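I wanted notes on strand pairing, the chain contact and the confidence of the model. Here is what I looked up.

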Amino acid sequence: MAERLRLTGISKHFGAIHALNEVSLSVDEGEVLGLMGDNGAGKSTLVKIIAGNFRPSHGEISLDGEPRDFHRPKDAQNAGIEIVYQELALCDNLSAASNVYLGRELRRSFGPICVLDYKAMYRRAAELFALLKSETRPRDLVRKMSGGQRQAVAIARTLLADAKVLLMDEPTAAISVRQVAEVLELIRRLRDQGITVILISHRMPDVFAVSDRIAVLRRGQLVANKPTPDTSPEEITGLITGAIHAA
Amino acid sequence: MPREGEAMTTTLEQAIGQSQHRNFLSRIMGLQVFWVFLAAVLACVTLSLITDTFATERNLFNVTRNFAFVAIIAIGMTTVIASGGIDLSVGASVVLSAVVIGATMEAGYPIWAAALFAIGAALVVGLVNGILIAIVGMPPFVVTLGMLSFARSMALVLSNNKMIYQFGPDHETLLWLGGGSTFGIPHPVYALAILTIIMSFVFKWTRWGQHVFAIGGNESAAVLTGIPVRGMKISVYMFSAFTAGITGILMVGWLGSVTTNLGTAMELAVIAAAVIGGANLAGGEGNAFGAIVGALLIEVIRNSLILLGISTFWQGAFIGSFIIIAVGFDRIRRLRSQD
């Protein structure tokens, strides 16, 4: 499959602190990459660089073979990189469809008056939920939803934007076992749509269940980047803690 | 649970149609507005039966007009509360607007120009509130508390604390506007009806309305989704000040004079009306119709105490109880929905 995202020699320094050191990594179209590492290993910094929150001190990002320089998160979004935040950016008091379309609502005009086109938004949102095989209904309030359904809403948002790369920050951190299965299923659906998913997680079983490849960061260095079948939870744990130097 | 093929297409239609698995009746019963409305209607019926003074044309005229003043601002306040803020400066905006229209008309300006000045003054108050809250990042409570003091003081300075009762060439027009009636209905009620219809529409059917509720629901989510939160907040405080400005003009017309104690403590009645009508002080909830029903209930209680010959000192106790009952109701509903 075609290469989607490539990072070449990415470094990030905050004053004297080297958060990332010469990280090079590439992800293909329709591939799920599990990004692992201990707290402070540089995962968040790397994600923020890809999402355009930070600019790297050195190194280059390219998307579909084209070099990119993101100054703002909006630049990354326009290029097709979307992020699903850990503290899901949803409004509890609004419906699922309203959340999916928040900030880019569909409108219809009657002469000079422009009104929200709820019918079209409900329809498209229902299609997206169907695509994700989620039981979420467009009119339901997010307040009444399970963790898995909330993830579906957050992910449907990114599908609407035609995302090429989806960054998911700990999507399974605070939800029940049954809901975890639901979220992992969502990730597989996204992969089937040809979307590249970068999954940042602490949960070893989840990463092994869905990822095609696993990359491990330790103290700002990339210490492993292996196909999932070629490694084991034990090896990854060793790599994260430093018991195994590199693989 | 995954479903395949044919089952999927039928459920798509169902999914769009379904909302909360509740029928019409149970949805109505779950609305705070319904219960408040019921309470207001019950109070009206009871009063009509036990007094012969309530259901008179004169009294009903007064009740509707009086409640319209609070209700107009309560719609502005509901918008602010729905966005997660609060505006304590509305009473001060009322008196500032009243003094500005009074003073400019006394100086010989026509009513339309004077009204523009008055609303302009109120909008400046809203703009300053909005900038300090949205851009400087100060808490709304403190900013609008300061503005309450500042704007009221400006009204005193402008009028030199003198009563204004001569309104120049358009004197009669102003009195007609605020104190007159058409087809037996006082003019402020028309203003309220128009505003309610427009804002009910705006809340539900416009991007602006949707964004107000999104900001109140989860402000950081609103920022992340690219909603212009700062501009939205400024517009919300300006709208609230606008409703206060309109009310100031109408109140001058009704009273036939401007005194600087106009609108004192009005912010409390307005907030009470909004909260009783279903606005959630935590943000993200509220509706225009609820605000006017809340204001109606407060006015009916006030009126009934007078008619029943109960000391008006009791008024605060009743209104206070209703606020607490309204919040208690919301609490119960929340607990129930968690089960």
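I started with Thr8(A): its bridge partner in strand 4 of chain A is Glu60(A). Strands here are DSSP runs (E, at least two residues), helices are H or I runs of at least four, and both are numbered from the N terminus. Strand 4 covers residues 58–63 and pairs with strand 1 of chain A in the antiparallel sense over 5 bridges. I count two strands as paired if DSSP finds at least two bridges between them.

This is a predicted model, and I kept its limits: local features need pLDDT of at least 70, side-chain atom pairs count only at pLDDT 80 or more, and totals for chains, interfaces and linings use all residues. Residues are numbered from 1 along each chain as its sequence is written, with chains lettered from A and ligands numbered from 1 in the order in which they are written.

Next, the other partner of strand 1. Strand 1 (residues 3–14) and strand 2 (residues 17–28) of chain A are antiparallel over 8 bridges. Leu5(A) has Val27(A) as its bridge partner in strand 2. The two strands form a hairpin with 2 residues between them. In that turn, Gly15(A) has a positive phi of about 60°.

Then I turned to the contact (C-beta atoms, placed from the backbone, within 7 Å). It takes 25 residues from chain A and 25 residues from chain B. On the chain A side, helix 4 gives the most, with 6 residues.

Last, confidence. The predictor gives the complex an ipTM of 0.72 and a pTM of 0.80.

Terms used:
Contact = placed C-beta atoms within 7 Å.
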